[in-house]
Amino acid sequence: MPKPGSGEVLVRVQLAGICATDLELVRGYYAFTGVPDHEFEGEVLEAPGESDRVGQRVVGEINISCGKCSHCRAGRRTHYERRLVVGILDREGVFAEFVTMPLENLHAVPDSIPDEGAVFTEPLAAALEIQEQVQAHPSDHVLLIGAGRLGKLVARTLALTGCELVVVVRRETLKQLLTECNNRTISVEEVGENKFDLVVDTSGSPEGFAMAKRGVRSRGTIVLKGTYKGYVNINLSELVVEEITLVGSRCGPFPPALHLLENCLIDPAPIITDYYPLSEGISAFRRAEQPGVLKVLLRPATDIS
């Protein structure tokens, strides 16, 4: 049983989700050892000095910073040089029955949001970060590359802006989920040249970036959203001549994500493929790696009847 440190609380994990970063970590994407994962929803069991938080359902931001350095004081807490990142960098993750989290990282979950919705708060916040960085107008032609776990949430959040959104899909099953949300879908071969004002690449692959470069118009913007494997060859001269803006994007704001879930503006339920008990976590990872599988959720063993 972990013990909360100063400013921390003890959380009993109710649900946790396997994401692309988890899958890449076990393939050697990053030199992390320990308990993985960072997407969770849980209940506060112990909160020293904050007894009113006990019993509260919570979700948590994954970057743990000092709150005192120049980055933190300027509102760039996720870019503190010596930050800890839950389940990714020097901090145990949430594939566990119990975890400790800094109280300041936690957000209360409204009663109307079910556990199955709340567990999507972190990736939904990451999807919303795009709109914190780049404005998508109703008149904009927007291309989304990558219709996987994160891509589905990005598509739903971008659709709320009223932009003309087109999503590249490779599998018919993924296409079905997008057409149900009134998103227009196209194949890889249908991506034209220099057509889109904004391109969002969630594929994390060199092929995805090449497609983004092909599809964006001059003076357009490419947002890179995803875990990239290895290096990508870029012709920087083309980007300079065409005045393309590149934007890196990762973690995002939790309050707007909870607002969308609370008001039923985003329903992540169709993205869930399977549930596994924590005791079958290895099997859950194997399931999550299969083509066409979206979100696989883990429940702590104590929750399995």
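**Ground rules.** I number residues from 1 along each chain as its sequence is written, and side-chain values use heavy atoms, with hydrogens and water left out. The model is predicted, and local features need pLDDT of at least 70, side-chain atom pairs count only at pLDDT 80 or more, while totals for chains, interfaces and linings use all residues.

I looked up the second largest pocket and found a volume of about 370 Å³. A pocket here is an open set of points on a 1 Å grid over the protein atoms alone, where a 1.4 Å probe fits, with protein on both sides within 12 Å along at least five of seven lines; lining residues have an atom within 4 Å of a point. The volume is the space filled by probe spheres set on the points, which are joined across faces, edges and corners.

Which residues lie nearest its centre? I noted Glu 61, Asn 63, Gly 75, Arg 77 and Thr 78, out of 19 lining residues. Helix α4 (residues 121–133) gives the largest share, 3 residues; helices (H or I, at least four residues) and strands (E, at least two) are DSSP runs, numbered from the N terminus. By class I have 3 nonpolar, 9 polar and 7 charged residues, where Ala, Val, Leu, Ile, Met, Phe, Trp, Tyr, Cys and Pro count as nonpolar, Asp, Glu, Lys and Arg as charged, and the others, Gly among them, as polar.

**Salt bridges.** My search of the whole structure turned up 12 salt bridges, each a side-chain nitrogen of Lys or Arg within 4 Å of a carboxyl oxygen of Asp or Glu.

One of them pairs Glu 8 with Arg 91, with the closest N and O atoms 3.0 Å apart. Glu 8 sits in strand β1 (residues 8–18) and Arg 91 in the loop between β5 (84–85) and β6 (98–102), 83 residues apart.

Next I checked Asp 115 and Arg 57, which meet at 3.1 Å, N to O. Asp 115 lies in helix α3 (residues 115–118) and Arg 57 in strand β3 (residues 57–60), so the pair ties together parts 58 residues apart in sequence. Asp 115 is partly exposed at 25%, whereas Arg 57 is buried at 19%.

Notes: Buried means under 20% relative accessible area, exposed over 50%, partly exposed in between (1.4 Å probe, protein chains only).
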